[in-house]
Amino acid sequence: MAVLTRAEKTRQVGLWTDALAKVSLGQEYTIGARRLRRADLAEIRQTLEWLDAQPTVEDEQAGRGLPRFISMLPGRRF
């Protein structure tokens with residue numbers, strides 16, 4: 001079941017792509033006693049791959065969502 005609309009998915013991909021660009025410029029830096037550490041590169045890549053694999057609500061409505069599998073066991077009724 002899709003949880004994202006095409007617009008929401010596009011927005012999320014944009015945000016994670018921006019995070020990827022920021023991490024590529026510097027993952028961690030310190031100013032005085034304060035330190036900023038961005039998300040790990042591996043986590044960003046994994047999230048982008050996950051988002052890419054997710055069907056949108058519009059995809060499912062058009063019949064292009066993830067395939068549905070039905071168990072075909074003789075004698076079992078659901």
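What relative accessible area does G14 have?

Analyst: The relative accessible area of G14 is 27%, so G14 is partly exposed; buried means under 20%, exposed over 50% and partly exposed in between, with a 1.4 Å probe and protein chains only. The model is predicted, so local features need pLDDT of at least 70 and side-chain atom pairs count only at pLDDT 80 or more, while totals for chains, interfaces and linings use all residues. Residues are numbered from 1 along each chain as its sequence is written, and side-chain values use heavy atoms, with hydrogens and water left out.

G14 lies in helix α1. Helices are DSSP runs of H or I with at least four residues, strands are runs of E with at least two, and both are numbered from the N terminus. From G14 to L48 the C-alpha separation is 9.6 Å, across 34 residues of sequence. Q12 also belongs to α1 and is partly exposed, at 25% relative accessibility. Its C-alpha atom is 8.8 Å from that of L48, 36 residues away along the chain.

Both distances lead to the pairing of two helices. Packed helices are described by the angle and the distance between their axes. Here the axes of α1 (residues 6-25) and α2 (residues 41-53) come within 10 Å and cross at roughly 160°; axes are lines fitted to C-alpha atoms over the stretch in contact, and angles run from 0 to 180 degrees between N-to-C directions. The two helices are therefore roughly antiparallel (over 145 degrees; under 35 is roughly parallel, 65 to 115 roughly perpendicular and the rest oblique). Their crossing is left-handed, the near helix being turned anticlockwise from the far one by less than a right angle.

In contact terms (heavy atoms within 4.5 Å), K9, Q12, V13, W16, T17, A19, L20 and V23 of α1 meet L41, E43, I44, T47, L48, L51 and D52 of α2. Nine of the contact residues are nonpolar, three polar and three charged. Nonpolar covers Ala, Val, Leu, Ile, Met, Phe, Trp, Tyr, Cys and Pro; charged covers Asp, Glu, Lys and Arg; the others, Gly among them, are polar.

The strands come next. β1 (residues 28-31) and β2 (residues 34-37) pair antiparallel over four bridges, where pairing requires at least two DSSP bridges. E28 is bridged to R37, and I31 to R34. The strands form a hairpin with two residues between them, and G32 in the turn has a positive phi of about 65°.

Along the sequence the pattern is α-β-β-α-α. Of the 78 residues, 14% count as buried.
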